[in-house]
Amino acid sequence: MSFIDTLKYKYKTGTIIEKLIYLNVVIFGITLFITIFQGLYKGEQNFLVEWFALDDNLDKFLTKPWSIISYGFLHADFVHLIFNMITLYFIGNLFIQYLSEKQALNFYILGTLFGGILYVISQNYFPLFEGMNSSLVGASAGISAIFIGIATYIPNYQIKIRFIGFVKFWHLAIIWLGFDIIGLIGPNAGGSFSHLGGSLFGFFYVRQTSTKKINLFRIFLSFFQRKEKPLQTVHKSAKRKENTTKKIAPNQEQINTILDKISKSGYDTLSKAEKEFLFKQGKR
């Protein structure tokens, strides 16, 4: 199997998070190639970035409305790409442990959308740096939606950080938001606004969907996606059997009890029997 065939196989069999990472890396590679080619032979601005980055100028934005989404797949440089992809890998894989891959994609796309909207609004109606035309690139708004979304869903989930110990997820979310709020008075204020737009989407989507409230926020979402079921833990079943309601109910009740324990105290607090039970249920 050639290297290209191996990459195709890994992309085909990968999770939605891995596919998003592959897509971002490939687009960055194409962008880099175009930049080098144009720099050597034409000396022009990268047309890919020019057409797919999100401009803060409303007139330019109206000529390329697709940029409200496409900017989320572009990156300014290699460091920008690596930082975002590492964050997406760890946060995204935690997300799909509790929610579905389809929901992860929705959070990424719609978080990018809401981040772009807040960016355009902030730069045109209350810009912190007047007279500075700029454009926005980066997956941070979509990643922020995934991060804050899962942090809202399992706020008491704990992860172990070296030299620090166990830290609850909502503590990390506060730190994440704190950096973006501080960034509102810096040179990348527009980027911070977009991050906050994604974060707000992640937070309110989880809160409103989980409580099953019908409001304008959910009506707005209905224009972009089909009817969504309330957020729920994914339990895949390879076989469907009839007349098994009595057997499923006790298992589901036990699963809910274990997941509630994970939400409050973290996965590491489970007993060996509980871990084995959850593992077996996930394989059914």
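Which helix gives the largest share of the nonpolar patch? The answer is helix α7, residues 101-125, with three residues.

## Basis of the report

This is a predicted model, in which local features need pLDDT of at least 70 and side-chain atom pairs count only at pLDDT 80 or more, while totals for chains, interfaces and linings use all residues. Residues are numbered from 1 along each chain as its sequence is written, and side-chain values use heavy atoms, with hydrogens and water left out.

Helices (H or I, at least four residues) and strands (E, at least two) are DSSP runs, numbered from the N terminus. Buried stands for under 20% relative accessible area, exposed for over 50%, and partly exposed for values in between (1.4 Å probe, protein chains only).

L58, I117, I121, Y125 and F126 make a nonpolar surface patch of about 460 Å². Patches consist of residues with over 30% relative accessible area and no salt bridge; nonpolar side chains (Val, Leu, Ile, Met, Phe, Trp, Tyr) are joined within 5 Å, and like charges within 9 Å. Accessible areas come from the Shrake-Rupley method with a 1.4 Å probe, and for residues only the protein chains shown count as cover.

I117 counts as partly exposed because its relative accessibility is 31%. Helix α7 also holds L105, which is partly exposed because its relative accessible area is 31%. L105 and G142 are 37 residues apart along the chain, and their C-alpha atoms are separated by 9.1 Å.

## The second largest pocket

The second largest pocket holds about 590 Å³ of space. On a 1 Å grid over the protein atoms alone, a pocket is an open set of points where a 1.4 Å probe fits, with protein on both sides within 12 Å along at least five of seven lines; lining residues have an atom within 4 Å of a point. Grid points are joined across faces, edges and corners, and the volume is the space filled by probe spheres set on the points.

The lining of this pocket comprises 22 residues, and F83, I86, I91, F147 and W176 lie nearest the centre. Two or more lining residues come from each of α6 (78-98), α8 (140-153), β3 (158-161) and α9 (169-183). Of these, α6 gives the most, with 10 residues. By class, the lining has 15 nonpolar, six polar and one charged residues. Here Ala, Val, Leu, Ile, Met, Phe, Trp, Tyr, Cys and Pro count as nonpolar, Asp, Glu, Lys and Arg as charged, and the others, Gly among them, as polar.

## The salt bridge

Side chains of opposite charge can pair when their charged atoms come close. One salt bridge (a side-chain nitrogen of Lys or Arg within 4 Å of a carboxyl oxygen of Asp or Glu) is found in a search of the whole structure. The partners are D55 and K64, whose closest N and O atoms are 2.7 Å apart. D55 counts as buried because its relative accessibility is 13%, and K64 counts as buried because its value is 4%.

Helix α8 contains A145, which counts as buried because its relative accessibility is 0%. A145 and G202 are 57 residues apart in sequence, yet 4.2 Å apart in space from C-alpha to C-alpha.

Helix α10 (residues 189-210) includes F203, a residue that counts as partly exposed because its relative accessibility is 29%. From C-alpha to C-alpha, H195 and F114 are 9.1 Å apart, and in sequence they are 81 residues apart.

## A loop residue

F163 lies in the loop between β3 and β4 (165-168). Phi of F163 is near 70°, which is a positive value in a residue other than glycine. F163 counts as exposed because its relative accessibility is 80%.
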